[in-house]
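Reader: I would like to learn how to read the features of a model like this one. Please take them in turn.

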Amino acid sequence: MEVVPLDSADEVAALAADTIEAAVRAQPGTVLGLATGSTPLATYQELIRRHRAGGGPSYDDVRCFTLDEYVGLPPGHPESYRATIARELTDPLGIAAERVHGPDPAEADLPSAGERYEAELRAAGGVDLQLLGIGSDGHLAFNEPGSSLGSLTRIKTLTDRTRRDNARFFGSVDDVPRHVLTQGLGTILRARHLLLLATGAGKAEALAAAVEGPVSASCPASVLQLHPHVSVLVDPPAASGLGRLRHYREVYDAKPTWQGI
Ligand SMILES: N[C@@H]1[C@@H](O)[C@H](O)[C@@H](COP(=O)(O)O)O[C@@H]1O
């Protein structure tokens, strides 16, 4: 795992955008794993800005897979993750809707919707670069504390804390669905490169537990310690709980220029 301490949330967004663009340029049919929540929005805005300025790569052949989806929202609900990712990223980048996949909770056979999503991911050859945020309780996608470290896509129940955290998107906590369809931690580990973004003081405790604590289902994001290629981009408030911050900075500063993240 490489922890990259940056000087601001803007720098996190800029380096994340560089990394995504590099992955898209490296391979015409790149498979991108996209995350929702507030954290990646600055990165998405930066990608869109560069695309509109004519400096970005072509996204024509890219395929995208989202991490998770609420269960029970009416089709087209603006807070569904399908609608959110189209609005915030893929439509502005000109990525056709049929190239953007997500767990589908509208499937007639909901209990097997997870297996079908796993099959779609396999058929695409797996995710090349997976963007991730972290919940304030250490959740990844919608894998709440206690989730199996080897889990695959399935229905989960949100904790009250996550529903409260996400109430800002819905107006009231009562309107936040209780159930979700989410990639499992085992699904996420299959992506070839994981890019975790953490900004703001609200993530400091969860990030420290994920990066420096024991690997444990009690902190789902700690499963990242098992993956061979993880980059963690952090701003100073999010990094404030890390005990080895100076070391991470020294390693990053001493990195050969030819080596990307
Ligand atoms: N399912 C999403 C996660 O993928 C995201 O990482 C988390 C943190 O969101 P934010 O970036 O808004 O803090 O929120 C939601 O629960």
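Reader: Which residues does UniProt list for the domain "Glucosamine/galactosamine-6-phosphate isomerase"?

Author: The unreviewed UniProt entry lists residues 9-225 for that domain. UniProt positions are given in the numbering used here, feature names are shortened, and annotations may be inferred rather than shown by experiment. Residues are numbered from 1 along each chain as its sequence is written. This is a predicted model, in which local features need pLDDT of at least 70, side-chain atom pairs count only at pLDDT 80 or more, and totals for chains, interfaces and linings use all residues.

Reader: What is the helix and strand content of residues 9-225?

Author: Helices (H or I, at least four residues) and strands (E, at least two) are DSSP runs, numbered from the N terminus. The span 9-225 is 35% helix and 14% strand, and its end C-alpha atoms lie 23 Å apart.

Reader: In what order do the strands of the open sheet stand?

Author: Strands of a sheet pair through backbone hydrogen bonds, either parallel or antiparallel. Two strands count as paired if DSSP finds at least two bridges between them. Here, 7 strands form an open sheet in the order β1-β10-β9-β6-β2-β3-β5, with parallel pairing. β1 (2-5) and β5 (100-101) are at the edges with a single partner strand each, so one side of each has no neighbour in the sheet.

Reader: Which residues are bridge partners along β2, β6, β9 and β10?

Author: Strand β2 (residues 31-34) pairs with β6 in the parallel sense over 2 bridges, and Gly33 has Gln130 in β6 as its bridge partner. β6 and β9 are parallel, with 4 bridges; Gln130 stands opposite Leu194 in β9. Between β9 and β10 there are 5 bridges, again in the parallel sense, and Leu194 stands opposite Val230 in β10.

Reader: How many residues of β9 are buried?

Author: A residue is buried if 20 or more other C-beta atoms lie within 10 Å of its own, exposed if 12 or fewer, and partly exposed in between, with C-beta atoms placed from the backbone. In β9, 5 of the 6 residues are buried, so the rest of the structure largely encloses this strand.

Reader: Where does UniProt place the feature "active site"?

Author: The unreviewed entry places it at Asp68, Asp137, His139 and Glu144. Asp68 is in strand β4 (residues 68-70), whereas Glu144 is in the loop between β6 (129-132) and β7 (154-157).

Reader: Are Asp68 and Glu144 buried or exposed?

Author: Asp68 counts as buried because 21 C-beta neighbours lie inside 10 Å. Glu144 also has 21 C-beta neighbours inside 10 Å and so counts as buried.

Reader: How does β8 pair with β4 and β7?

Author: Strand β8 (residues 179-182) runs antiparallel to β4, joined by 3 bridges, and pairs with β7 in the antiparallel sense over 4 bridges. Val180 in β8 is the bridge partner of Tyr70 and of Lys156.

Reader: Which residues of helix α4 are buried?

Author: In α4 (residues 113-123), the buried residues are Ala113, Gly114, Tyr117 and Leu121. Seen down the axis of α4, they fall within an arc of 100°, taken over the directions from the helix axis to the C-beta atoms, so they line one face of the helix. Ala119, Arg122 and Ala123 are exposed on the other side. The cover over the buried residues includes β3 (63-66), β7, β8 and α6 (185-189).

Reader: Where is Ala221 found, and what does it touch?

Author: Ala221 is in the loop between α7 (204-212) and β10 (230-234). Ala221 is buried because 29 other C-beta atoms lie within 10 Å. Leaving out residues up to four places away in sequence, Ala221 touches Ile134, Gly138, Leu140, Ala206 and Ala210. Ala206 and Ala210 are among the buried residues of α7, which pack against β1, β9 (193-198), β10 and α8 (236-239).

Methods. Two residues are in contact if their C-beta atoms, placed from the backbone, lie within 7 Å.
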